[in-house]
Amino acid sequence: WVLPPQTLDEHPGMNSVCEGENWTVRFINALMRSQYWKDTAVFIVWDDFGGLYDHVPPPHYDIMGLGPRVPLLVISPWARSGYVDHHTYEFSSVLAFIENAFGTGCLTPRDCGADPMLGAFDFDDPPNFKRRQLLLEQRQCA
């Protein structure tokens, strides 16, 4: 897990979203340039929905339910290019992916039932790791 410093956490009104985005760009660019890129999957997920509801009611699996949808980005040389996944995931899906990748078994009933997001990846066709880098420029922040 990698978290930005609290001053760069992209919460509007509290911090600069632009500076938070730049922190993420620096981190991911460094990772893509490193020896670890070929074995990496990055999941960028926000911890709340920003108060903006959409037209899709959240599933209610248990007493907690899932709550409003939040964005999640998958960045990896193994991720399906240009793919938009329409499966229902939850925060435990990231943990389920890790458990699946390392064969550890699940920790709780919630991650045992979570979809591990394997549909977002193509592990059968080895990618061109260099071509799958998407190095971004940082934005100028006001």
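A disulfide is a pair of cysteine sulfur atoms within 2.5 Å. This is a predicted model, in which local features need pLDDT of at least 70, side-chain atom pairs count only at pLDDT 80 or more, and totals for chains, interfaces and linings use all residues. Residues are numbered from 1 along each chain as its sequence is written, and side-chain values use heavy atoms, with hydrogens and water left out.

**View 1. Two disulfides, pattern 1-4, 2-3.** By the cut-off above, the count is two disulfides. With bonded cysteines counted along the chain, the pattern reads 1-4, 2-3.

View 2. Cysteine 18 sits in helix α1 (residues 17-33) and cysteine 141 in the segment after α3 (109-113), so the pair ties together parts 123 residues apart in sequence. Helices (H or I, at least four residues) and strands (E, at least two) are DSSP runs, numbered from the N terminus. The torsion about the S-S bond is about -85°, so this disulfide is left-handed. Cysteine 18 is buried at 11% relative accessibility. Cysteine 141 is partly exposed at 22%. Buried means under 20% relative accessible area, exposed over 50%, and partly exposed in between (1.4 Å probe, protein chains only).

View 3. The S-S torsion is about 75°, so the disulfide is right-handed. Cysteine 106 is partly exposed at 37% relative accessibility. Cysteine 112 is also partly exposed, at 47%.

**View 4. Helix α1 and its cover.** The 17 residues of α1 should span 24 Å at 1.5 Å a residue, and the end C-alpha atoms are 24 Å apart, which agrees. The expected span is 1.5 Å times one less than the number of residues. Buried residues of α1 include Cys18, Trp23, Val25, Ile28 and Leu31. Their cover includes β1 (42-45) and β2 (72-75).

**View 5. Threonine 40 in the loop between α1 and β1.** Threonine 40 is buried, at 10% relative accessibility. Leaving out residues up to four places away in sequence, threonine 40 touches Leu31, Ile75, Ser76 and Pro77; contact means heavy atoms within 4.5 Å. The threonine 40 side chain reaches the backbone oxygen of tyrosine 36 at 2.5 Å.

**View 6. Three salt bridges.** A salt bridge is a side-chain nitrogen of Lys or Arg within 4 Å of a carboxyl oxygen of Asp or Glu. Arginine 139 pairs with glutamate 21, the closest N and O atoms being 2.8 Å apart. This pair links distant parts of the chain, with arginine 139 in the segment after α3 and glutamate 21 in helix α1, 118 residues apart. Arginine 139 is partly exposed at 45%, and glutamate 21 is partly exposed at 30%. Lysine 38 bridges to aspartate 39, with closest N and O atoms 2.8 Å apart. Lysine 38 is partly exposed at 41%, whereas aspartate 39 is exposed at 61%. Arginine 110 bridges to glutamate 90, with closest N and O atoms 2.7 Å apart. Arginine 110 lies in helix α3 and glutamate 90 in the loop between β2 and α2 (91-102), so the pair ties together parts 20 residues apart in sequence. Arginine 110 is partly exposed at 23%, whereas glutamate 90 is buried at 15%.

Methods:
A polar contact is a pair of N or O atoms within 3.5 Å; within protein, one must be able to donate a hydrogen and the other to accept it, and residues adjacent in sequence count only if both atoms are side-chain atoms.
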